[in-house]
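Have the sequence and the model open as you read.

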Amino acid sequence: MKMPLPFVAAFVNLAINPLHRVFVYGTLKRGEPNHGLIKDPANGYAKFLGLGRTTITYPLVIATKYNIPFLLKKPGTGNYVLGEIYDVNSDMLKKLDELEEHPKFYERTEENILLAPEAALKPGKTFEEVGESTKAWVYFLPRYKSSLLESTMYTSYSNSGNHGLRYCEKYVRDLSYNHRQDVQ
């Protein structure tokens, strides 16, 4: 049986540039300041799969004078965190690693995440009812000041949230200020 050429090309491309599942919870989500990185095909391939929720509670905090969302690597503390799940190719994963400064600042680890189609999460339905478990890469802050655990812990991040803490994008930041020292 002869395979259609587009199918063969797609298969070869996946072999060369495999897909990686990623859970994003902060500025990379749709409508957030860094989502343009995922949307830009020049950075690689990304496909939105649905909404995600951690299966373990973690502290999601907003810190530094730049109001950066951080997911602290402290399982069993905080909340189940909501986000989005994407399949991305290796080129896009590399761009995400660059943004998150993996592995020097954030660390990317593979975790179990509940994946639910956006349309299935209707009022009265829970992630457990409509979601399925999947493995996805998650960017955590593994080393942090213990004082961050005294911060407000969020279930979900939005730049325009009620917290009033607007994210400051990298291109307008003070280059002499090292935000890493505020959290590590």
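Which residues are linked with Arg30 in a network of salt bridges? Glu84 and Glu118 are: together with Arg30 they make up a network of salt bridges.

## Before we start

This is a predicted model, so a few ground rules apply: local features need pLDDT of at least 70, side-chain atom pairs count only at pLDDT 80 or more, and totals for chains, interfaces and linings use all residues. Residues are numbered from 1 along each chain as its sequence is written, and side-chain values use heavy atoms, with hydrogens and water left out.

Arg30 pairs with Glu84 in a salt bridge (a side-chain nitrogen of Lys or Arg within 4 Å of a carboxyl oxygen of Asp or Glu), and the closest N and O atoms are 3.0 Å apart. The pair links distant parts of the chain: Arg30 sits in the loop between β1 (19-24) and α2 (35-39), while Glu84 belongs to strand β5 (residues 82-89), 54 residues apart. Helices and strands here are DSSP runs, numbered from the N terminus (helices are H or I, at least four residues; strands are E, at least two).

Glu84 is buried, at a relative accessible area of 6%, whereas Arg30 is partly exposed at 34%. The cut-offs: buried means under 20% relative accessible area, exposed over 50%, and partly exposed in between, with a 1.4 Å probe and protein chains only.

## More salt bridges

Arg180 counts as partly exposed, at 28% relative accessibility.

Most residues other than glycine have a negative phi, and most peptide bonds are trans. Here are some that go the other way. A cis peptide bond joins His102 and Pro103, with omega about 5°.

Asn67 is another non-glycine residue with positive phi, near 55°. Look for Asn67 in the loop between β3 (60-63) and β4 (68-71). Asn67 is buried, with a relative accessible area of 15%.

## Around Gly50

Is Gly50 buried or exposed? Gly50 is buried, at 0% relative accessibility, and lies in strand β2 (residues 46-54). Leaving aside neighbours within four places in sequence, Gly50 is in contact (heavy atoms within 4.5 Å) with Glu84, Ile85, Leu115 and Ala116. That brings us back to Glu84, the salt-bridge partner of Arg30. For a sense of scale, Gly50 and Glu169 are 26 Å apart in space, C-alpha to C-alpha, and 119 residues apart in sequence.

## The whole chain

Zooming out, the protein has 5 helices and 7 strands, and from the N terminus on its elements run α-β-α-β-β-β-β-α-β-α-β-α. Its radius of gyration is 18 Å, close to the 16 Å that the globule rule gives for 184 residues, so the protein is as compact as a globular protein of that length. That radius is taken over C-alpha atoms, and the globule rule is 2.2 Å times the number of residues to the power 0.38. Along its principal axes the C-alpha trace spans about 65 × 45 × 25 Å.

Buried residues account for 40% of the 184. Of the contacts with a separation of 6 or more, 76% are between residues 24 or more positions apart. The protein exposes about 10100 Å², of which carbon and sulfur atoms supply 54%; accessible areas come from the Shrake-Rupley method with a 1.4 Å probe, and for residues only the protein chains shown count as cover.
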